[in-house]
Amino acid sequence: MPPKLSGPQADKRGWPKAFAGLAGAWLGLALVKFGNPIILSKLIEPPKDFWEFVFNPWPVAWGYWMLAGLMIGGATMSRFDIAAPRWLTILPLVWFAWQLAAATQTVDAGLTRATLLHFAADICCFYLGLFALSRVQPLICFWLPLLAGFAWVLWRGFGQHFGGLESTRQMIYQQPDWPQYSPDYIKRIASDRIFSTLVYPNALAGAILLLLPILMAVTWRLTERLRNVSRGVLVGLLGYMGLACLYWSGSKSGWLIALVLGLICLLHCPLDRKIRLAIVTAALLFGLAGFFIKFTPYFRHGATSVTARFDYWRAAWQITCAHPVLGTGPGTFSVPYRKLKAPASEMTRLVHNNYLEQASDSGLIGFLSFLALITGLLTFLYRKCRNEAALFFLWLGLLGWSLQGVVEFGLYIPAMAWPAFLLFGWSLGLDLKSTRPN
């Protein structure tokens, strides 16, 4: 939880807090209802009854309408005097402008249209955080509904692990027309890897990497009136649920990235240098040992998903070389990949690498502008937030999301991209000079 504003800058009006609450509720809903890749948005039908409304995903257009309302509300309280490098505040527009240019040469107008709408929502989230949400203090109204949505995701994950997936499998297999379900869905429920409300297990891992660090810090701040033991129990419970779901997701990259984030956190602990190095070395050894013990059967069977990813990346590079300026159009990797895929590789709709997807879909300028945006934000925010404990945990989550983008497609999943862009913008726009600790 960020520091509170003091003095005349602390806004006493009710609307900023209400706006923050609505923004947090929207992101919480995104985690629960908009966990599918944007290129599959046409497959999501509106719920037909109450239970489908509660448990099924919603059409992404509903999320766009909610965001439009937030943009209107945020415009009434936005300020544009941001103490941040001008190039960082403009770079998202440069990246999006090139996506529009690449769309003029798309090989599939439908996929590009859906992707551009999603990218536009990402940009709106970034500037909503930068110009509006960064002006609201304190942000308890924002964090509480986001924390509730995240807790629901973890609860659904626990339910799947403790019998939910098996029950779903039995229910599906008892239906005479079960082979008519999509192959991807049959594959998901046939595995014991949990995915909660997200499209598949690695996406769940990405959401946990993004939000668990900051929400643990938020929980610690929100419970400051309790005794330290009680606070520790609540924070520990949230951490246990998040790490348990990460483990049950079976995400190899998620495990390794969580290990990296943990080591970075340990290196920033206020301990003697020799003690820190000893703890980091031990954590690294135990973490890697656990990784290889857990996933030895996977590697023994040939690490098929790793092999498939190398084929996706090879094809993305070939597409980039063939279309270096404008690519094949945002969201269209699957179209040329059908002709380039290796016979043994599974068909995929996305590259499983946010950065290479930019190169193949929108050319080298799209790739470079997106890479510059992410690396620039992470570098600047590290310097800005490293001495503020809660904001440092936020930076860790954003780093985790960015690292997972090397092997996954979180940029194309609203439940992951919308919170990431809004939190990037919010932390960039936050003026730490006008704040003091709680």
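Reply: A cavity is a set of points on a 1 Å grid over the protein atoms alone where a 1.4 Å probe fits but cannot get out; a pocket is an open set with protein on both sides within 12 Å along at least five of seven lines, and lining residues have an atom within 4 Å of a point. Points join across faces, edges and corners, and volume is the space filled by probe spheres set on them.

The model is predicted, so local features need pLDDT of at least 70 and side-chain atom pairs pLDDT 80 or more, while totals for chains, interfaces and linings use all residues. Residues are numbered from 1 along each chain as its sequence is written, and side-chain values use heavy atoms, without hydrogens or water.

The structure holds two cavities of 30 Å³ or more. The largest cavity has a volume of about 70 Å³. Its lining includes a run from Lys33 through Ile38, namely Lys33, Phe34, Gly35, Asn36, Pro37 and Ile38. Ser41, Ile44, Pro57, Trp58, Val60 and Pro414 line the largest cavity too. By class, that lining has eight nonpolar, three polar and one charged residues (Ala, Val, Leu, Ile, Met, Phe, Trp, Tyr, Cys and Pro count as nonpolar, Asp, Glu, Lys and Arg as charged, the others, Gly among them, as polar).

Now look at proline 59. It lies in the loop between helix 2 (50-55) and helix 3 (60-75). Proline 59 is buried, at 11% relative accessible area (buried means under 20%, with a 1.4 Å probe and protein chains only). It is in contact with Phe34 and Ile44, and with Glu45, Pro46 and Pro47, leaving aside neighbours within four places in sequence (contact: heavy atoms within 4.5 Å). Phe34 and Ile44 also line the largest cavity.

Phe34 and Val60 lead on to tryptophan 418. Both are among the residues that tryptophan 418 touches, as are Trp26, Leu27, Tyr64 and His118. Trp418 is also one of the residues with the most contacts inside the largest nonpolar core, beside Phe142 and Trp143. That core has 107 residues (buried Ala, Val, Leu, Ile, Met, Phe, Trp, Tyr and Cys joined through side-chain atoms within 4.5 Å). Helix 8 gives the most to it, with 12 residues.

The second largest cavity has a volume of about 30 Å³. Tyr200, Asn202, Ala203, Gln404, Glu408, Phe409, Gly410, Ile413 and Met416 line it. Five of these are nonpolar, three polar and one charged.

Serine 196 is in the loop between helix 7 (183-190) and helix 8. At 4% relative accessibility, serine 196 is buried. Its side chain reaches the backbone oxygen of valine 153 at 2.5 Å. Serine 196 also touches Arg156, Gly157, Gln160 and Leu204, among others.

Last, an open space. The second largest pocket holds about 710 Å³. Helix 8 (201-222), helix 9 (228-248), helix 10 (252-267), helix 11 (273-300) and helix 15 (389-404) each give two or more residues to its lining. Of 28 lining residues, Leu212, Met216, Leu243, Ala258 and Gly262 lie nearest the pocket's centre. The lining of this pocket has 24 nonpolar, three polar and one charged residues.

Definitions and conventions
Helix = DSSP H or I, 4+ residues; strand = E, 2+ residues; numbered from the N terminus. Buried < 20%, exposed > 50% of the residue type's maximum accessible area, 1.4 Å probe, protein only. Polar contact = N/O pair within 3.5 Å; in protein donor to acceptor, adjacent residues only side chain to side chain.
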